[in-house]
Amino acid sequence: MTTTGPKTAAVGIDWSAARQSAEAMIAVDATPSPQILLRLAQACWHLKDHDAAYHAANDALAIDPTLTEAIVICAWVAAERGDVEAVLSHYRALARLNPD
């Protein structure tokens, strides 16, 4: 019996195609949904375009500041940049959203 967990499933994602798809949707929508912006941020992160990932995650948070996945991406990018204060700020935001 073979099980497919989140790590295995993520390996099969074509992040380049996901990015292109999200960018195409954003190009035709003056007000893209935070979920589309999040998908773009995720794709950019996996493609190691951290600046684009951060900007897309921030754009998603501007629409929905409770989008925890976008906060996590911002924290990851801050960590890559070595910005400890920003990392702590993002994780504090997560703690406020999910106090339990």
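These legends accompany close-up views of a predicted model.

**View 1**
The secondary structure comes to six helices and zero strands. Read along the sequence, the pattern is α-α-α-α-α-α. The chain has 100 residues, and 34% of them count as buried. Take the contacts between residues at least 6 apart in sequence: 45% of these join residues at least 24 apart.

In soluble globular proteins, nonpolar side chains tend to be buried together.

Setting aside residues up to four places away in sequence, Val77 touches Trp45, His50, Ala53 and Tyr54. Val77 also takes part in the packing of H3 and H5, where it is one of the H5 residues that meet H3.

**View 1. Leu61 sits in helix H4.**
Beyond its neighbours within four places in sequence, Leu61 is in contact with Leu67, Ala70, Ile71 and Cys74. Leu61 and Ile71 are 10 residues apart along the chain. Their C-alpha atoms are separated by 7.5 Å.

**View 2. H5 and H6 pack with a left-handed crossing.**
The axes of H5 and H6 come within 8 Å. They cross at roughly 160 degrees. That angle is over 145 degrees, so H5 is roughly antiparallel to H6. From H5, the meeting residues are Thr68, Ile71, Val72, Cys74, Ala75, Trp76, Ala78 and Ala79. From H6, they are Ala86, Val87, His90, Tyr91, Ala93, Leu94 and Leu97.

**View 3. H3 and H5 also pack with a left-handed crossing.**
Here the axes are 10 Å apart, and the packing angle is about 30 degrees. An angle under 35 degrees counts as roughly parallel, so H3 and H5 are roughly parallel to each other. H3 brings Leu38, Ala41, Gln42 and Trp45 to the meeting. H5 brings Glu69, Ala70, Ile73, Trp76, Val77 and Glu80.

**View 4. His50 lies in helix H4.**
The relative accessible area of His50 is 19%, which is under 20%, so His50 is buried. Not counting residues up to four places away in sequence, His50 touches Trp45, Val77 and Glu80.

**View 5. His90 is found in helix H6.**
His90 has a relative accessible area of 14% and is buried. Apart from neighbours within four places in sequence, His90 is in contact with Tyr54, Ile71, Cys74, Ala75 and Ala78. Among these, Ile71, Cys74, Ala75 and Ala78 are H5 residues that meet H6.

**View 6. Cys44 and Cys74 are both buried.**
Cys44 has a relative accessibility of 1%. For Cys74 the value is 0%. A search of the whole structure finds zero disulfides. The contacts of Cys44 include Arg19. Cys74 is in contact with Leu61 and with His90.

**View 7. Arg19 belongs to helix H2, residues 15-28.**
Leaving aside neighbours within four places in sequence, Arg19 is in contact with Leu40, Ala43, Cys44, Leu47, Asp49 and Ala52. Arg19 and His46 are 27 residues apart in sequence. From C-alpha to C-alpha, Arg19 and His46 are 9.8 Å apart in space.

**View 8. Lys48 is placed in the loop between H3 and H4.**
Lys48 is not a glycine, yet its phi is positive, at about 65 degrees. Its relative accessibility is 66%, over the 50% limit, so Lys48 counts as exposed.

Technical notes
Residues numbered from 1 in each chain as written. Predicted model: local features only at pLDDT ≥ 70, side-chain atom pairs only at ≥ 80, totals over all residues. Heavy atoms only, no water. Contact = heavy atoms within 4.5 Å. Disulfide = S-S within 2.5 Å. Buried < 20%, exposed > 50% of the residue type's maximum accessible area, 1.4 Å probe, protein only. Helix = DSSP H or I, 4+ residues; strand = E, 2+ residues; numbered from the N terminus. Axes fitted to C-alpha atoms, helices over the stretch in contact; angles between N-to-C directions. Parallel < 35°, antiparallel > 145°, perpendicular 65-115°, else oblique. Left-handed = near helix turned anticlockwise from the far one by under 90°.
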